[in-house]
Amino acid sequence: MLQIPVLREQTELVIAGLEKRNFRDAAQQIQSILDLDQKRRSLQTERDELQSRANNLAKEIGGLMKSGQKEQAEQLKSETSDLKQRTKTLDEEVQQLESQLQEALYKIPNIPHESVPAGKSSEDNEVVLEHGAVPQLPENAQPHWELIKQYNIIDFELGIKITGAGFPVYKGKGARLQRALINFFLDEALKAGYDEVQPPILVNEASGIGTGQLPDKEGQMYHDAADNLYLIPTAEVPITNLYRDEIVSADKLPIKNVGYTPCFRREAGSWGADVRGLNRLHQFDKVEIVQIQTPENSYAALEEMSQHIQGLLQKLELPYRVLRLCGGDMGFTSALTYDMEVYSAAQGRWLEVSSVSNFETYQANRLKLRQRTEGGKPQLLHTLNGSALALPRIVAALLENNQTPEGIKLPKVLHSYSGFEMITK
RNA sequence: GGAGAGAUGGGUGAGUGGCUGAAACCAGCAGUUUGCUAAACUGCCGUACCUCUAAAGGGUACCGGGGGUUCGAAUCCCCCUCUCUCCGCCA
């Protein structure tokens, strides 16, 4: 969430940023937060002064009791009851204001970076670059949801039987391709200097709050009510929360982690025409890269992550483009997001396979993730993450773009990982 | 699932009502000593908020979380959460 001092000192910038997101009643909402903050501060000052007096009285009484001056002690005691009452009232008011403030702040999204284009929807995103040529397909080219049946590598019917829609079963070379891709992505991240972690895929409430999935978006996550745990929608959640409540010393930075996890999304209400096959699932695999960076270096790191992801797509020989998301399409917690989309030839569609974002201090403020600075106060760090990569749509594009009359050809880079070069009937 | 124990600062760990924001040790930082390393010695060494500010300073809160008793709570009482140990089960 945003920091109150920033709201106070850069009010105009904040409002302008929120308006770029088409955030409704930005000026009004910020003003009401500033009012709450103002009120809280003045009440707290008052409360602290009363408490200070009460503390002094308590000390005096202690002294009198010791020296046996009981009568004077009793007299002072009677003075404290009024103080106590007033302090208690103020205390309750301050607490109430604090929780109102907290609640209001949770509802304010991050401020977009200056390079974020204005815009309302995905149509307004800026195409930063396109790479690779659209492949020529044979005449009877099929979309991937047909190919997976023909080659018997991914089975949606079986998934429906054991779980439900959106939980496919990968079989034979389909399963081996998954494993190959995961290993390939992990190895590439290791080469790029990321440390591998394997986090839990169930997280508690505090973790969900830390990265911004809670309190507002619980409907997107599967929830285990018996234990109050959430299935992760992305490894971003457990990996970033590794550093929750940490004050990191500068020599440990930057932190670069990579992790493979399954991801779970309820995708409530989002089923429609564009979500056939592997395009949108309830469970899928993803390799995620996460960085904890100093404010000075975070945007350079974002570019570095973008390059890393593009490198993967190039090695997979997939045509892709990079989008800079507009204010209206960006995620709630992000300051700048690039989406990477591959061209899935048989569908004739661009498919999002990665999203890489700089959250600046927005998550760090919730996480209380800071660095120790010389001589000064601990300073909030910047968090970043990106998919590198999400598997299903990569698989969809690989299948569609590489279909030939003889079978589906895998890109060279995968051969040693998969143990086969071709998927045949 | 059953029984018990516990939760204190970066770590270990003392602390059963005021002298405890918290001993001691370790780690860390600065300095003295030193041919180098090591050792020894001295000092510093939590966080948040409020206030004030050029800086310093002052105030309040925090010993897992919440409530209570009391003039006064890390310390006493209640509730919750979590962790550990033993038993059971088990990849």
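The following legends describe close-up views of a predicted model. Local features need pLDDT of at least 70 and side-chain atom pairs pLDDT 80 or more, while totals for chains, interfaces and linings use all residues. Residues are numbered from 1 along each chain as written, chains are lettered from A, and side-chain values use heavy atoms, without hydrogens and water.

**View 1. Crossing of helices H2 and H3.** The axes (lines fitted to C-alpha atoms over the stretch in contact) of H2 (residues 11-20) and H3 (residues 26-66) come within 9 Å and cross at roughly 140 degrees. Helices are DSSP runs of H or I with at least four residues, and strands are E runs of at least two.

**View 2. Residues between H2 and H3.** H2 contributes Thr 11, Val 14, Ile 15, Leu 18 and Glu 19 to the contact, and H3 contributes Ala 26, Ala 27, Ile 30 and Leu 34 (contact: heavy atoms within 4.5 Å). These residues comprise 7 nonpolar, 1 polar and 1 charged.

**View 3. Protein surface near RNA strand B.**

**View 4. Side chains at RNA strand B.** An N or O atom in the Arg 372 side chain is 2.5 Å from a phosphate oxygen of RNA strand B. A polar side-chain atom of Ser 52 lies 3.2 Å from a sugar or linking oxygen of RNA strand B.

Terms used:
Axes fitted to C-alpha atoms, helices over the stretch in contact; angles between N-to-C directions. Nonpolar A, V, L, I, M, F, W, Y, C, P; charged D, E, K, R; others polar. Polar contact = N/O pair within 3.5 Å; in protein donor to acceptor, adjacent residues only side chain to side chain.
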